[in-house]
Amino acid sequence: MYDPKSMKAEEFIDHQEILGSLAYADAHKSDAAVIDAILEKARRRKGLSHRDASVLLACELEDKNQEIYALAEQIKKDFYGNRIVLFAPLYLSNYCVNGCLYCPYHAKNRHIARKKLTQDEIRAEVIALQDMGHKRLALEAGEDPVNNPLEYILESIQTVYSIKHKNGAIRRVNVNIAATTVENYRKLKEAGIGTYILFQETYHKESYQRLHPTGPKSNYAYHTEAHDRAMQGGIDDVGLGVLFGLELYRYEFAGLLMHAEHLEAAFGVGPHTISVPRVCPADDIDPNAFDNGISDDIFAKIVACIRIAVPYTGMIISTRESQKVRERVLHLGISQISGGSRTSVGGYVEEEKPEENSAQFDVSDHRTLDEIVRWLMEMDYVPSFCTACYREGRTGDRFMALCKSQQIQNCCLPNALMTLKEYLEDYASPETRAVGERVIAANIPDVTNPRARDTLVQRLEKITQGERDFRF
Ligand code: SF4
Ligand code: SF4
């Protein structure tokens, strides 16, 4: 029985409700009157139900599809302006006891190099990341109670936050580790993590069980209810995601939105972020083995429809995607991207030899962070290294309230410009710096509050003189 408030996975991700929504979407995919009514609702900027959003995703009317894209773009501008937040993943360990069929870290892969960073190696990785200019990391580790127990993760978080190399600092550590207990989530919260990210991979229970034949992750309910336990443990920013390509994308899309609705119904706070990875090549993994792969066109439509359905939820895209695909979807709703990423354990310090490959997936976008920053600015985006909300205690419902009322915008742009300025001073190439100074000057007038604008100008000057870490 479908119940978004239920704490049981099979009830808030109800299979029949998803099938009913897909049937409804099929019945109305060419029904202009229904689609117009949904678009009208969406223009109120309050989001859409999974059922309405599924109709937009299925829509086959070309003119309505153009309206969908235009609305997604407008909502993106209204909520996120032209800012794109940057982050990098940091792989701590690829030891894993699970049997996920789509991931090269699965326990039966005997030829992948297994590595786990020592605290000294983490220090070296973090210094390399700080020297690139990163301020926000996502820690990644496989599930292995012996090699990667929670104590190891907690110690690693402490190490990451403790390193201050030159003007560098990691100011927000997000964590992407296996589903765990409320007590462990409480410990992660106490360690000062930002978002707890856990991808569902697939919401389709049968497929989930087939794709996760062994290991603790094979428990669908325990995995699907993990965000609830994280919330109960006091982590109020949680991130969702599915791995598109494993199951029918329309099924996943509806499940993802139902999960967001569940968090809202049960805790009063929707997901902080949604990630949209697609199955991609990796050691021992052939993406063609998964026959639900999606085209770039469908991928763009998914991004647009998520943007419309949950306007206040950040959307993340990684370097799994090429420059071309990233360019195509940035304006449709993406608010965060990774840059200069290495997806292997220890990859920031040392380029791996091919025979020692420990990467989780092959990166498509190989550019340096400097190149990514310049590329964004050349497309009129403002790259942001902002981490202010988490550090100002603006998390969970406090953050969402500011987000939904769009008041957060008063902080985002000045913070983006100040953190960009820090980046230009400390890390940028001369060419990027020149472009960046122009971008900052061009964006200052868009800070509409005169007092905030004056403060911003003063702080930018102070950053030039060597001061760091201002925030609104
Ligand atoms: S997806 Fe995660 S849990 Fe599964 S094999 Fe890879 S690292 Fe392990
Ligand atoms: S002010 Fe908050 S919402 Fe805006 S970019 Fe910074 S951390 Fe994100």
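My entries below go through the ligands, then the helix pair.

**Entry on ligand 1.** I kept in mind that this is a predicted model. I looked up which residues lie around ligand 1. I found C96, N98, C100, C103, Y105 and H106. I also found G142, E143, A178 and K217. Then I sorted this shell by class. I got 5 nonpolar, 3 polar and 2 charged residues.

**Entry on ligand 2.** I turned to ligand 2 and listed its surroundings. V85 is one of the residues there. S384, C386, T387, A388 and C389 are also among them. Which gives the most? I wrote down α18, with 3 residues. By class, I counted 7 nonpolar and 3 polar residues around ligand 2, and no charged ones.

**Entry on the helix pair.** I moved on to α13 (residues 296-309) and α14 (residues 323-330). How do their axes lie? They come within 9 Å and cross at roughly 35 degrees. I checked the handedness too: α13 passes α14 in a right-handed crossing. Next I looked up the residues that make the contact. From α13 I noted D296, F299, A300 and V303. From α14 I noted V325, R328 and V329. By class, this contact has 5 nonpolar and 2 charged residues, with no polar ones.

Definitions and conventions:
Residues numbered from 1 in each chain as written. Chains lettered and ligands numbered in written order. Predicted model: local features only at pLDDT ≥ 70, side-chain atom pairs only at ≥ 80, totals over all residues. Near = placed C-beta within 6 Å. Helix = DSSP H or I, 4+ residues; strand = E, 2+ residues; numbered from the N terminus. Nonpolar A, V, L, I, M, F, W, Y, C, P; charged D, E, K, R; others polar. Axes fitted to C-alpha atoms, helices over the stretch in contact; angles between N-to-C directions. Left-handed = near helix turned anticlockwise from the far one by under 90°. Contact = placed C-beta atoms within 7 Å.
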